[in-house]
Amino acid sequence: VEGTGSLLNFRVAAMNLGTDDLMEAYKDSARKLVESAETFSGYRKKNPKILALHASSHRTSNTYALWSAVKEKLLQEEEGRENPDIREIGLRNGTLYDCSGCSFNACRHFGEQESCFYGGVIVEDVYPAVREADAVVMICPNYNDAISANMTAFINRLTALYRIRQFYDKAVFAIIVSGYSGNDTIARQLISAMNMNKNFYLPGRFAMLETANDPGTAVRLPGIQARIESFADRIRQTLIL
Ligand SMILES: Cc1cc2nc3c(=O)[nH]c(=O)nc-3n(C[C@H](O)[C@H](O)[C@H](O)COP(=O)(O)O)c2cc1C
């Protein structure tokens, strides 16, 4: 459990517990961590729900094309094999606003109603889908060595839901494509935001990283079919009993 010298990073956790005793909040977090380590038995189940989030054009996007190929593998019927339920939501321009940084109390007030000040697609579609999901797949092109604005807005808007529930029981996966370089930077940003900050479970080798620029080129990279299959297998082994 990460505590700064002043324990000021436990201010919100303390408020959530209805106290101003930062040490109490710190100990509560440590206790919960030990409890979850002791009781952890994996998250695998028969028909896990996967939520794929993207902000890409179906027609031209390299990241979306790779996801489509991974999804096809995940849904491939095989005798005696369980498949996941997959839902996709597109977060393209105009469908969502970024977080407006409401006060803690306002954010918690909306969060308690599973809502957020801005409402819209995030509250109506995305929050319920995240709540139900066993894993989220972040489909992330590299835009200026950063997660794109729409995908970042999704992460920011998750904060209201995070006020009232943790995401420990959900895995995060990612498909990342850069035109030239920087896949590692995007992967690190996702680990920071989704795992370290929002507590999503981080499976080993959680991301598929590819380098392709022109539309349609990612799915034609040398050896790509084997990597698509191996990524789909990894998702399967993490989530399916
Ligand atoms: C606004 C913008 C910024 C980009 N910045 C970078 C960058 O910093 N580094 C890089 O390697 N590629 C960069 N690219 C290239 C994309 O990562 C690359 O074209 C990728 O295939 C896009 O995936 P998509 O087709 O799913 O959108 C950028 C592309 C756009 C449109």
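In the predicted model, the contact between helices α6 and α7 is formed by Phe154, Ile155, Leu158 and Tyr162 on the α6 side and by Leu190, Ala193, Met194 and Asn197 on the α7 side. By residue class, this contact comprises 7 nonpolar residues, 1 polar residue and no charged residue. Helix α7 spans residues 183-197, and its axis lies 12 Å from that of α6, at an angle of about 5°. Since angles under 35 degrees count as roughly parallel, α6 is therefore roughly parallel to α7.

Helix α6 (residues 149-162) also packs against helix α5 (residues 121-132), here with the axes 11 Å apart and an angle of about 75°. This value falls in the range of 65 to 115 degrees, so α5 and α6 are described as roughly perpendicular to each other. On α5, the contacting residues are Ile122, Val123, Val126, Tyr127 and Val130; on α6 they are Phe154, Arg157, Leu158, Ala160 and Leu161. The contact of α5 with α6 contains 9 nonpolar residues and 1 charged residue, with no polar residue. Phe154 and Leu158 of α6 are listed in the contact with α5 and also in the contact with α7.

A further helix pair is made up of α3 (residues 62-75) and α8 (residues 224-239), whose axes come within 9 Å and cross at roughly 60°. The angle makes α3 oblique to α8. The crossing of α3 past α8 is right-handed. From α3, Leu66, Ala69, Val70, Lys73 and Leu74 take part; they meet Ile224, Gln225, Ile228, Glu229, Phe231, Ala232, Ile235 and Arg236 of α8. The residues in the contact of α3 with α8 divide into 9 nonpolar, 1 polar and 3 charged.

At the level of the whole chain, 8 helices and 5 strands are present. Their order along the sequence is α-α-β-α-β-α-α-β-α-β-α-β-α. The chain is divided into two domains, with domain 1 covering residues 8-39 and domain 2 covering residues 49-239. The centres of domain 1 and domain 2, computed over C-alpha atoms, are separated by 28 Å.

Overall dimensions were also computed. Along the principal axes, the C-alpha atoms of the chain fill a box of roughly 55 × 40 × 35 Å. The radius of gyration is 19 Å, which agrees with the value near 18 Å that a compact globule of 241 residues would have.

Technical notes: Residues are numbered from 1 along each chain as its sequence is written. This is a predicted model: local features need pLDDT of at least 70, side-chain atom pairs count only at pLDDT 80 or more; totals for chains, interfaces and linings use all residues. Side-chain values use heavy atoms; hydrogens and water are left out. Axes are lines fitted to C-alpha atoms, for helices over the stretch in contact, and angles run from 0 to 180 degrees between N-to-C directions. Helices (H or I, at least four residues) and strands (E, at least two) are DSSP runs, numbered from the N terminus. Angles under 35 degrees count as roughly parallel, over 145 as roughly antiparallel, 65 to 115 as roughly perpendicular and the rest as oblique. A crossing is left-handed if the near helix is turned anticlockwise from the far one by less than a right angle, and right-handed if clockwise. Contact means heavy atoms within 4.5 Å. Ala, Val, Leu, Ile, Met, Phe, Trp, Tyr, Cys and Pro count as nonpolar, Asp, Glu, Lys and Arg as charged, and the others, Gly among them, as polar. Domain bounds come from an automatic or database domain assignment. The radius of gyration is taken over C-alpha atoms; the globule rule is 2.2 Å times the number of residues to the power 0.38.
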